[in-house]
Amino acid sequence: MKFYFVAAAICLLFSSCLKQSIADAMLHPKGSGAAGATATLSYELNGNPVKLTVANAGNQDPNAYTLGCTKSPGLYSFSGLGSTGETNFLFYTDSLATIKYSYTGNYGDMFFISYNGQDEFVHVASDFLSFTITSYNNGRISGTFSGQLTPLISANTINNTYGAPGSILITNGVFENVPVFY
Amino acid sequence: MNKGIFAALILFFAVTESNAQLGAMKLVGNDTRDYKLGLGAFIKTGFPVGEGSDITVEGGVNIFFLDSYGSADGTIMCPLKIGYRYTLNKTGQGFYVEPQAGYNLYGVTSLHDESGNAVDLKYHGVVFAAGTGYLFTIGGQPFDLNLRYETVIAHGGSNNFIALGLSRFISFKKRDNNY
């Protein structure tokens, strides 16, 4: 009997040490150093490294951030803006979970990455970009991603012109401590 | 997946002759001063495992409305818990204590952000509770007056509340004294 009550007391004591409500923890990634945590994004585009590091990521302006994720109705927009361009991904969900999210060519053309002035799309059916969220705590997400994209050669009024299908490989993608802004 | 779990729970509680409780509850801790008194309802069943003690299974819904922003804002949590209820005099009646642990099947906090936009924050999380109560009969009907402290932990935060409730409890396996 004593064991059960001691275990219950420890659990309750532990929860009392959490200084934020769940909603506040999700809205404001503060406390436990979360606001001051460094967010990172890194991957290789056809073997060329892309890296982005943001210190004090939780303190970024939710309306103008370098690396973060914002919530809209039914959608979370992940975005990173670095020296080589921007990296985007859309999580089509009401509530982020620690699962794999994929966008494939079957869903239609979609822009995801701009690299040194060239835009990379999911275009043909075999194209994809997959993000796996491995942790979601204190209003921050971490995980991995990979993909196969098609470059946009020229944007035209009616039909865009694309390069070799699936010629852009995204490998070794990692994101850590990326704040989620509501 | 949640629909399947809820369906299984309804079937489970129906088979085990559970009944419902209504209670009043109050969120406590940081960021809770804007919340009104909450309402809770749960169904619960128990399996006698020893002299004056039961393993309990409980599924419930807890609703807390915010004072501001209108009645649409607030918090809802649906925990499923397993507990160990132990009556102090080992008779199955009188005062008891009951630690519980479980999982929050569904939780959502609806509010408005600084820009006035409606935001729904959905979460799950683990649940811990510690309760005490008094089992008694009125007109041959068993009742349970109870008080418990419960916490739901998710995303590095926690929702904590104190609940006071009254219910009639029916055990799956009958004891000599019907508890």
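# Notebook: chains A and B

**Confidence.** I began with chain B, where the mean pLDDT is 79 and 77% of the residues reach 70 or more. This is a predicted model, and I kept that in mind throughout. Confidence is lowest in helix α1 (residues 2-15) of chain B, with a mean of 60. Strand β4 (residues 74-87) of chain B has the highest, at 91. I also checked residues 175-179 of chain B, where the pLDDT is below 50. Beyond near neighbours in sequence, that stretch still has 10 contacts in the model. Where pLDDT is low, predicted coordinates should not be read in detail. For the model I noted an ipTM of 0.77 and a pTM of 0.59.

**Layout of the chains.** I went through the secondary structure next. Chain A has two helices and 12 strands. Along its sequence I read α-α-β-β-β-β-β-β-β-β-β-β-β-β. Chain B has one helix and nine strands. Its order is α-β-β-β-β-β-β-β-β-β.

I looked up burial as well. In chain A, 39% of the 182 residues are buried. In chain B, buried residues make up 41% of 179.

Then I asked how far along the sequence the contacts reach. I took contacts between residues at least 6 apart in sequence. In chain A, 52% of these join residues at least 24 apart. For chain B, the share is 55%.

**Strand β8 of chain A.** I followed the pairing around this strand. Strand β7 (residues 110-115) of chain A and strand β8 (residues 118-122) of chain A run antiparallel, joined by five bridges. I located one pair across them: Ile113(A) is opposite Glu120(A) in β8(A). The hairpin of β7(A) and β8(A) has two residues between the strands. There I found Asn116(A) with a positive phi near 50°.

β8(A) also pairs with strand β10 (residues 140-154) of chain A. That pairing is antiparallel too, with two bridges. Phe121(A) has Thr150(A) in β10(A) as its bridge partner.

**Nonpolar cores.** Which residues touch the most other members of the largest nonpolar core? I found Leu67(A), Leu129(A) and Leu149(A), in a core of 55 residues. Strand β12 (residues 168-181) of chain A gives the most to this core, six residues.

I found another core lying apart from the largest one. This other core has six residues, including Leu27(B), Tyr35(B), Phe161(B) and Ala163(B).

**Gly23 of chain B.** I ended on one residue. Gly23(B) is in strand β1 (residues 19-28) of chain B. Is Gly23(B) buried or partly exposed? I counted it as partly exposed, because 19 C-beta neighbours are inside 10 Å and burial needs 20 or more.

I then looked up what Gly23(B) touches, setting aside neighbours within four places in sequence. It is in contact with Gly40(B), Ala163(B), Leu164(B) and Gly165(B). Ala163(B) was already on my page as a member of the six-residue core. I checked Gly165(B) as well: its C-alpha is 4.0 Å from that of Gly23(B), though the two are 142 residues apart along the chain.

Technical notes
Residues are numbered from 1 along each chain as its sequence is written. Chains are lettered from A and ligands numbered from 1 in the order in which they are written. This is a predicted model: local features need pLDDT of at least 70, side-chain atom pairs count only at pLDDT 80 or more; totals for chains, interfaces and linings use all residues. Helices (H or I, at least four residues) and strands (E, at least two) are DSSP runs, numbered from the N terminus. A residue is buried if 20 or more other C-beta atoms lie within 10 Å of its own, exposed if 12 or fewer, and partly exposed in between; C-beta atoms are placed from the backbone. Two residues are in contact if their C-beta atoms, placed from the backbone, lie within 7 Å. Two strands pair if DSSP finds at least two bridges between them. pLDDT is the predictor's confidence in each residue, from 0 to 100. A nonpolar core is a set of buried Ala, Val, Leu, Ile, Met, Phe, Trp, Tyr and Cys residues joined through C-beta atoms within 7 Å.
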